[in-house]
Amino acid sequence: MPQQLFADYPQDARRFDEMFVAAGKPRPHYADLHARLAGQDSTYIRDLFSEVDRQVRDNGITYNVYDEAEGGSRPWALDPLPLIIPAEEWGGIERAVIQRATLFSRILADLYGPQTLFAEGRLPPALILGHPGFQRPAHGLVPGNGGPLHLFAVDLARAPDGRWWVINDRTQAPSGAGYALENRIITGRLHPDLFRDLRVRRLAPFFAALRDAIASYAPQDGGPVNTVLLTPGPYNETYFEQAYLARYLGFPLVEGQDLTVRDGCVWLKTLSGLRRVHAILRRMDDDFCDPLELRADSALGVPGLMDVVRRGNVLLANSIGSSVLETGALSGFLPGLCEHLLGEKLAMPGAATWWCGETPAMEDALKKADHLVFKSAIPQAHGQHFGPVFGEDLDAAGRAALSAKVRAAPRQFLAQELVALSRVPVLNRQQPRHLVDRSVGLRVFAVATPEGYMVMPGGLARTSSEHDVRVLSSQRGGGSKDVWVCGEQTAAPMSLLRRPVSAADLVRSGAGLSSRVVENLFWFGRYSERCDNLARYLRVALGRVADNQDTPVEWGALAAFGKQIGILPTICDEREAVRPLVRSVVDASVSGGLASHILHLSRVGFQLRERLSTDNWRTLNALARSVEKTPHENVGIYEAMALLDELISSFMTLAGFTLDGMTRDHGWRFLSLGRRIERLQFQTEAIETAMRMGEEGSPEWLLEISDSIVTYRSRYMARPEWLAVLDLLIADEANPRGIVFQTGGLRDYLRRLDESLGGMPDTGIEALHTRLLHLDPAHDFHPGSASLQEALATLRCASAELSNQISLHFFSHSDGSARVIA
Amino acid sequence: MSQIYHVIHETLYRYGAPVSLSQHLLHLTPRAFDFQRTLRHQIEILPAPVESETHVDWFGNPAQWIAVRQPHAMLRLIAASTVEVLPRPLTWRHAGGPAWENVAAQLAAFPSAAPLDAQEFALPSAQTPLLEEVRQWALASFTPRRPLLEAARHLMQRIHGEFGFDPEASSISTPLAETFRRRRGVCQDFSHLMISALRSLGLAARYMSGYILTHPAPGKPRLVGTDASHAWVAVWCPENGWVGFDPTNNCQPDLEHVLLGWGRDFADVTPMRGVILGGASHEVEVQVTMMPAQLRDFDELLAELRQRPLEKKSEGPEIALS
């Protein structure tokens, strides 16, 4: 039984194996892990997977995959076994990455400055000037403190002889650091004792250095430095990571429309007005950052941003135009550039590269095509993605086609020597007793600090999919591993930078929230309450259909209400109502139904990803999953009702988080306003509809929908009577479903907003609240009461008007997206 | 003998709803170069921008960034200049230059003796992609060892002869492949085509943005506001520098072309482009007047243009001079 886990792990002498020196013989730094695993049975492996799956699912860690309808996302793939790197080996990697980051920073500074590298013939102008990432408007800009390259990442691969090679550079907006952090949190928990025994170096100091370095390099104006993380939005492939990093670093996550340029500075549009932004850590591509100067066909970015950069009033990390170095074609020139600019030998080689823009190189590469892989030398226009094409895969016709393609536009291609990637064992979900081998690459990160570049002691290990061991791509279904660097913690240089929180840094009220976030919170409140309301209606209506005990009057009113709230297409009888009611629960394609609203809710929640607690997010994820996984066809009444019970519990849980788990800042207040307005509208309409039944109709269904049946019974021990029901549902200040409970809450929230954010036109809610409290039960609380009908109708209009006013008054900053015109 | 012109370029944006913020990037200031001097230049903007910043772009063209922050349903810009155009060397009309392959080889070499901007203008751009069919077509003019300028002149003549001028056939985003397939277009399309053809052969070509003098029909007066923006091409020749070719008019620019600026293609020197918040729909109206300076007084001409009635009276402040 022991050893069996590794028994049939395939050996391949042609490639370096990260874990084994020879069959059954682990490398010293893997000995502990090997010993640990060897003695385990398949239950242990299954448990590891379950734990990883649970944490990935609960945290909602995803990777968005392009080209799937509506921006599909899939769970992040993490192998439970870490990639382990011994301390002395890491030292070499660290030095090489620091050298490379320094070199790249110097090259960028030259390309966007004096361009002596062109003049001296050290770098072909065509390679840079023909690269769409060379941003001409950025030429001549002083990159500001910290140089043009704040965050740098490099993809490494290990050759069969054990040496590390560079295969890719990430100079624009490197992704993966957040995933590395997330992988660490999960993997560290899987093997806590190993983690301790191996003295795995921690990642936190790296992120602290990143945060502090940006703050120290940003333009100062005496107040606290406000740094934001600029995201292209939730549909970006690594949005999860961006939201995660933003939260971890404490930077607001903003989209282009959250920022505005004014008086030569960048401002964040917040609830309480504009707030200066001093530094932008961007995950948005160069050419999208400023639609005015950089790319005419996109309004995603911040118009006028380049002008602010030109004035030195904002720090952009990384500088605009830094993506120009993301080309493998640079590789051949780096040894010379390194000697010239740094006076040192290039510490870590890149794979031998032929840039086809040099004719002799192209001819040579095409001749050796069988042993090379061909790639784009420059990013291609959208939809024209090329390669990688492996020469060895091609037949004669394929080689001819490749040759023609390269010759037609030689500058766009490069050829690279094939580096046989090293292998690493990966646990196999299907056969827990067997390890499989995958190719592995390592992404390493470096950040510019006043003491020079600092390398994250760890990184993101990416493994190939089972289909092609030569390609590492999260887009193509590869996986990932945590990277454990063993050894002592080095002294943390960031202590020099650390600035204690001063009183001016304290943020309490939430007045600094971005208008967009507040708007999303408001709608999150409305949608979550609407889902709850719809679910309660559906449960009551389906219950009535199942019992078939109603009088036509009662069912008629219930159906009319169903039509009014968009659940039933017509006022139909019980039998005809079954399908629409059930479909509303399970079929998200029914617009206005419960299922489709749950997806709306989940989408708004998605936009708020960085503001929702993990528990909150988990509940929301479970809701969306339950809608997505339930089949649409052949669902019966009782099945639908069972699902409704589950959903309603989840909605209660969500409501509980709002009540108990959120700080009472303005963001919470807007979420609550949304909930109250939604509930007020729903309850008002329900009461109005029920009242139309007249005295002969029983208001029992109204009590059920209003979740007040228990209260009623405990108070009256009798059949529902109109007087008592209306009193409970309208005038009882203690009933959380009651009308005055909503109006009272709205009044209080509005007063608070008024105090700190300035007034909003009066929508009459407060007056209506008083009026409702002064209704005379004996006189007004019966279905035929004209004064009650009139009060409810006014209330319905006032709540709609309140919603409009809130939008106009507080969200107008975020209203209307920018458009490009010419 | 030089020529002096007044050029007035008026742009009027009308928005369906008030725009709360608009920012524009202007390439409306004529650039000075060997054959052109700017004697007078101003840009009037209504409503007045709260922010305005001028800079020189990567290609050396004057550029201006403006932001208008008050709600406005209309934006009017009048760019007015007086420029002196100098004659090109007479020999340029007949010059041949070196064999085109030699020039291409010089541009492709690394390191190259060609100036950096010539190397840059030999590269494709977004609006002038390399198309194999265009290259094949161009080779009929660029026969082996043919002198560069002679071949370019021939290419210009062929575009003029084989392609129909058709304002209906073109928008600012007509792709090159479509122009080539339909054999129709306007000055911008013909210039992009010629540039793309030259670059596909490894030669360097600039997109030249500006204006051209139009001649009223015999006996008719010269009208205000009836001219248009124009575009042509300049080809780099090691012996002469940048030699202009106008495929729309089948001529080599001399005293009747006024330059605004140059770039790789239209996108680099778009006279005016902007980003607006709000506004619903928008319409843009452009009127250009180019006339010999001796015919009209600059201020009087400008005053006449300012008086031109607009449909809606704008309520902004006084016209700003910038």
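The contact between the two chains takes 25 residues from chain B and 28 residues from chain A; two residues are in contact if their C-beta atoms, placed from the backbone, lie within 7 Å. On the side of chain B that touches chain A, strand E1 (3-26), strand E4 (62-68), helix H2 (116-120) and strand E12 (272-278) of chain B each supply at least two residues. Helices (H or I, at least four residues) and strands (E, at least two) are DSSP runs, numbered from the N terminus. E12(B) gives the largest share of this side, six residues. By class, this side of chain B holds 15 nonpolar, six polar and four charged residues. Ala, Val, Leu, Ile, Met, Phe, Trp, Tyr, Cys and Pro count as nonpolar, Asp, Glu, Lys and Arg as charged, and the others, Gly among them, as polar.

This is a predicted model, in which local features need pLDDT of at least 70 and side-chain atom pairs count only at pLDDT 80 or more, while totals for chains, interfaces and linings use all residues. Residues are numbered from 1 along each chain as its sequence is written, and chains are lettered from A and ligands numbered from 1 in the order in which they are written.

Chain B is assigned domain 1 (3-85 + 270-312) and domain 2 (90-254), with bounds from an automatic or database domain assignment. Their centres, taken over C-alpha atoms, are separated by 27 Å. In chain B, 11 residues of domain 1 are in contact with nine residues of domain 2. E13(B) gives the most to the domain 1 side, with five residues.

Chain A averages a pLDDT (the predictor's confidence in each residue, from 0 to 100) of 86, and 91% of the residues score at least 70.
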